[in-house]
Amino acid sequence: MNSKPLIILGSSRKDGHTAKAIDTITGTSPLPFVDLSSLNMTYFDYDFENRADDFIPLMEKVVEHNPLILATPVYWYTMSAVMKTFLDRWSDLLTFRKDLGKKLKGKDLYLITSFGTSMPKGFEEPFIQTADYMGMHFRGCFYFYSGKDPDLMKENERRVKEFKALLKKNGVLSS
Ligand SMILES: Cc1cc2nc3c(=O)[nH]c(=O)nc-3n(C[C@H](O)[C@H](O)[C@H](O)COP(=O)(O)O)c2cc1C
């Protein structure tokens, strides 16, 4: 394995369904991990008065990794607010920390999500377009169903197999 993955969790709870989705994929060999909710990361500020919060130190760590695996629940058909705040703050990397923004170029991006009712339409699109804009490569998304419908639960098994196979093929997980 020559990759140095980092999982970036953005959920309103650390031990919820999205964390379970991550565990389903990584099993007994957990990957390096950061929990956005544990950080002091405020909304994007046009005046950059929040430049001293936890975002820049986080990104200094993030750029040392490849691939990046973003993990977010589906909240109201889209990513969680904390994940959106994290991505909004990438605008800092286009202004006063362009050096960090440039380091994202060429990295692979994966997405893990959990949903409770139905597969959201167009969920991956903001991530695909963000990756394109930053010169990253969007490699795929794992949808984990966290509800109780037996048929939808069965589909999880197939999706777990597919996503693990993708990560193994790309050298992110060892086989
Ligand atoms: C605020 C909120 C909004 C939600 N919106 C959706 C939704 O649009 N579609 C869906 O399938 N599930 C929705 N759910 C269910 C969550 O996606 C699901 O329970 C998910 O697995 C929660 O992950 P977590 O434990 O990491 O928060 C929502 C849950 C919350 C709390």
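**Ligand, Ser-118 side.** I started at Ser-118: a polar backbone atom of this residue sits 3.2 Å from an oxygen atom of the ligand. I count a polar contact as a pair of N or O atoms within 3.5 Å; within protein, one atom must be able to donate a hydrogen and the other to accept it, and residues adjacent in sequence count only if both atoms are side-chain atoms.

**Ground rules.** This is a predicted model, where local features need pLDDT of at least 70, side-chain atom pairs count only at pLDDT 80 or more, and totals for chains, interfaces and linings use all residues. I number residues from 1 along each chain as its sequence is written, and side-chain values use heavy atoms, with hydrogens and water left out.

**Other ligand oxygens.** I found a polar backbone atom of Val-74 at 2.6 Å from an oxygen atom of the ligand. For Thr-18, a polar side-chain atom lies 2.6 Å from a ligand oxygen.

**The shell.** I get 16 residues around the ligand, with Arg-13, Thr-18, Val-74, Tyr-75 and Ser-146 the closest (near means a heavy atom within 4 Å). By class, I have six nonpolar, nine polar and one charged residues in the shell. Here Ala, Val, Leu, Ile, Met, Phe, Trp, Tyr, Cys and Pro are nonpolar, Asp, Glu, Lys and Arg charged, and the others, Gly among them, polar.

**Ser-114.** I then followed Thr-18 to its partner: the side chains of Ser-114 and Thr-18 make a polar contact at 3.0 Å. Ser-114 is in strand β4 (DSSP runs numbered from the N terminus: helices are H or I, at least four residues; strands are E, at least two). Ser-114 counts as buried because its relative accessibility is 4% (buried is under 20% relative accessible area, exposed over 50%, partly exposed in between; 1.4 Å probe, protein chains only).

**Lys-107.** I placed Lys-107 in the loop between α4 (98–104) and β4. Where is the nearest side chain of opposite charge to Lys-107? Glu-64 is 7.3 Å away, and Lys-107 is buried with no salt bridge (a side-chain nitrogen of Lys or Arg within 4 Å of a carboxyl oxygen of Asp or Glu; Lys and Arg count as positive, Asp and Glu as negative, His and the chain ends not counted). Instead I see its side chain reach the backbone oxygen of Val-63 at 2.8 Å.
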